[in-house]
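Visitor: I would like to learn how to read a fold and its charged pairs from a model. Could you walk me through one?

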Amino acid sequence: MCGLCGLFGEQNHWSTQLEHNGQSSNAAQRRRLRAHRTACLNRMLVRERLSVSDWQGSSYQISSATGKTELADNLSQIWLAVEKITGRPFDPLA
């Protein structure tokens with residue numbers, strides 16, 4: 001993927017409403033919220049042996065211990081990426 005895709009930013013997804021509805025007009029606060037979300041995702045995915053990292057502030061990079069990697073724009077896409085990498089259904093509420 002080229003760097004241009006990162007310029008358009010994350011779509012308004014329900015999980016990022018604090019960042020997009022004026023509650024956080026401060027760029028540093030948006031980064032803190034995104035870092036907190038990434039840390040929570042990593043705690044959820046540790047049992048799957050996956051890690052999530054921020055990718056240019058616009059996407060999430062999901063990686064396995066074997067090097068498989070997927071990009072996702074929001075939580076819904078993260079769950080699909082987890083399923084694609086692991087090859088089995090994933091229930092984030094389990």
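Guide: We will go from the overall layout to the sheet and then to the salt bridges.

Guide: First, some ground rules: this is a predicted model, in which local features need pLDDT of at least 70 and side-chain atom pairs count only at pLDDT 80 or more, while totals for chains, interfaces and linings use all residues. Residues are numbered from 1 along each chain as its sequence is written, and side-chain values use heavy atoms, with hydrogens and water left out.

Visitor: How many helices and strands does the secondary structure of the chain come to?

Guide: Helices (H or I, at least four residues) and strands (E, at least two) are DSSP runs, numbered from the N terminus. Here there are 4 helices and 3 strands, and their order from the N terminus is α-α-α-β-β-β-α.

Visitor: What share of the residues counts as buried?

Guide: Buried means under 20% relative accessible area, exposed means over 50%, and partly exposed lies in between, with a 1.4 Å probe and protein chains only. Of the 94 residues, 33% count as buried. The chain exposes about 6000 Å², and carbon and sulfur atoms supply 54% of that area (Shrake-Rupley method, 1.4 Å probe; for residues, only the protein chains shown count as cover).

Visitor: Now the sheet. In what order do the strands come?

Guide: In general, strands of a sheet pair through backbone hydrogen bonds, either parallel or antiparallel. Two strands count as paired if DSSP finds at least two bridges between them. In this model the 3 strands form an open sheet in the order β1-β2-β3, with antiparallel pairing. β1 and β3 are the edge strands with a single partner each, so one side of each has no neighbour in the sheet. On average, neighbouring strands are turned by 25° against each other, direction ignored.

Guide: Look at β2 (residues 59–64): its antiparallel pairing with β3 runs over 4 bridges. I62 stands opposite E70 in β3.

Visitor: Which strands does α3 lie across?

Guide: Axes are lines fitted to C-alpha atoms, for helices over the stretch in contact (heavy atoms within 4.5 Å), and angles run from 0 to 180 degrees between N-to-C directions. Helix α3 lies across β1 and β2, and runs at about 165° to β1.

Visitor: And the charged pairs: how many salt bridges are there?

Guide: A salt bridge is a side-chain nitrogen of Lys or Arg within 4 Å of a carboxyl oxygen of Asp or Glu. The count by this rule is 4 salt bridges. One of them joins the side chains of R34 and D54, at 2.6 Å from N to O. Because R34 lies in helix α3 (residues 27–45) and D54 in strand β1 (residues 50–55), this pair ties together parts 20 residues apart in sequence. R34 is buried at 4% relative accessibility, whereas D54 is partly exposed at 39%.

Visitor: What about K84 and E70, and which parts do they tie together?

Guide: The closest N and O atoms of K84 and E70 are 3.6 Å apart. K84 lies in helix α4 and E70 in strand β3 (residues 69–72), so parts 14 residues apart in sequence are tied together. K84 is exposed at 58%, and E70 is partly exposed at 22%. Finally, salt bridges with shared partners join R47, E48 and R88 into one network.
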